[in-house]
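Biologist: Please walk me through one part of this model in detail. Keep it brisk, and give me the cut-offs as you go.

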Amino acid sequence: MKRELILRIRDLYISFRTAAGTVNSIRGVNLDLYRGETIAIVGESGSGKSVTMKATMGILSSNGKVNDGVIEFYSKDNENAVTYRILEMSKREIRREISGKRIAMVFQDPMTSLNPTMSIGTQLMEGMRHHDKLSRAEAWKKAVSLLKMVEIPEPEKRMRSYPHQLSGGMRQRVNIAIALSCDPEILICDEPTTALDVTIQAKILELIQNIQKERNLSVIYITHDLGVVSKIADYVSVMYAGKIVEQGTVNEIFYDPRHPYTWGLLSSIPDVTSDQKLFTIPGSPPNLLHPVKGDAFAPRNIYAIGMDYLEEPPMFKITKTHYAATWLLDKRAPKVHMPTSLRARIDKMLREEGTAYDE
Ligand SMILES: Nc1ncnc2c1ncn2[C@@H]1O[C@H](COP(=O)(O)OP(=O)(O)OP(=O)(O)O)[C@@H](O)[C@H]1O
Ligand SMILES: [Mg+2]
């Protein structure tokens, strides 16, 4: 089946005015999302994952400015194709046409994103009444069925509950129900399970996956947790200092990573079957108040070559779906392989999974 592009981000540049000066937080992000697929965006804190998605939803904070780029959303409303150029729309137009309606977002903290003074039912029905112009009775019925879908027990009763009466996991289910209440085409999940314990996290992930299949939803899933990525994503984009430095299919990123930063991230996943000490990438990301010369990762990269300090690496193509921005992929670069401990780990995974990876 031909893949159908639904969201296209090109050359996105965003800066923030701060007391210390202008921070160039997003430095040329490119991203494609296809209908019905899931991409995960991973990267350390501050790399620009949330800001990129907030720009897509038209909810950048007022000190933020998009300096360049294109965000196009190819919507299909009852089979009518409409292209929305998000960056050319006013906040008001985005609120009316896009956010909460065609593109919905679930945030990390299930408490702060719900209004503590309003019942669950009122919050669930708000979007449907506003965007879909449903009557109160219709909205009530749909809200109850959404609570059922996210597997909240006694949904009728829960409609009258307030957020503080629910557990963290239940509140996050309500958030997902709210996000789905206007039948969005794209669901953006920004660390939706970080605040939850592991078993609840697994259930929420499963829920998102089931709903996605049922509705052919396109999902962007932001997380620090590479374990989650391997379960949920079709494609992975690795972000570093406001850029995507590697992208590929899940298999390409997990079994054939090419960027030293991705090597570091993968090496820092705890391996429960070994007593090897957990790896952490040394140093910290650059301060984007100052211009970056060369590859932003170079100072932390033990494999850095001279070129890394001079010029920013382009995205080198490895396969039709796999790209990485590191000078190590340049023809002239010395041959460098991933760390042997990571190689051993990947080989072990491959052995355990049979020959799942044969692209
Ligand atoms: N309101 C703001 N004012 C100033 N700078 C901001 C603001 N919001 C974001 N930034 C800058 O943008 C950078 C990227 O922020 P973002 O929230 O996208 O990071 P993230 O990758 O989502 O990190 P985390 O994993 O911690 O959520 C930050 O490092 C910060 O410098
Ligand atoms: Mg974030």
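**The sheet, then a helix pair**

Modeller: Four strands form an open sheet in the order 2-1-4-5, with antiparallel pairing. Strands (E, at least two residues) and helices (H or I, at least four) are DSSP runs, numbered from the N terminus. Two strands pair if DSSP finds at least two bridges between them. Strand 2 (21-34) and strand 5 (80-85) are the edge strands, each pairing on one side only. On average, neighbouring strands of this sheet are turned by 10° against each other, direction ignored.

This is a predicted model: local features need pLDDT of at least 70, side-chain atom pairs count only at pLDDT 80 or more, and totals for chains, interfaces and linings use all residues. Residues are numbered from 1 along each chain as its sequence is written, while chains are lettered from A and ligands numbered from 1 in the order in which they are written.

Strand 4 (residues 64-77) pairs with strand 5 in the antiparallel sense, over six bridges. K76 stands opposite A81 in strand 5.

Next, the helices. The axes of helix 6 (residues 168-180) and helix 7 (residues 198-215) come within 10 Å and cross at roughly 15°. Axes are lines fitted to C-alpha atoms, for helices over the stretch in contact, and angles run from 0 to 180 degrees between N-to-C directions. Helix 6 and helix 7 are therefore roughly parallel (angles under 35 degrees). G169, Q172, I176 and L180 in helix 6 meet I200, I204, L207, I208 and I211 in helix 7 (contact: C-beta atoms, placed from the backbone, within 7 Å).

Note on methods: Parallel < 35°, antiparallel > 145°, perpendicular 65-115°, else oblique. Contact = placed C-beta atoms within 7 Å.
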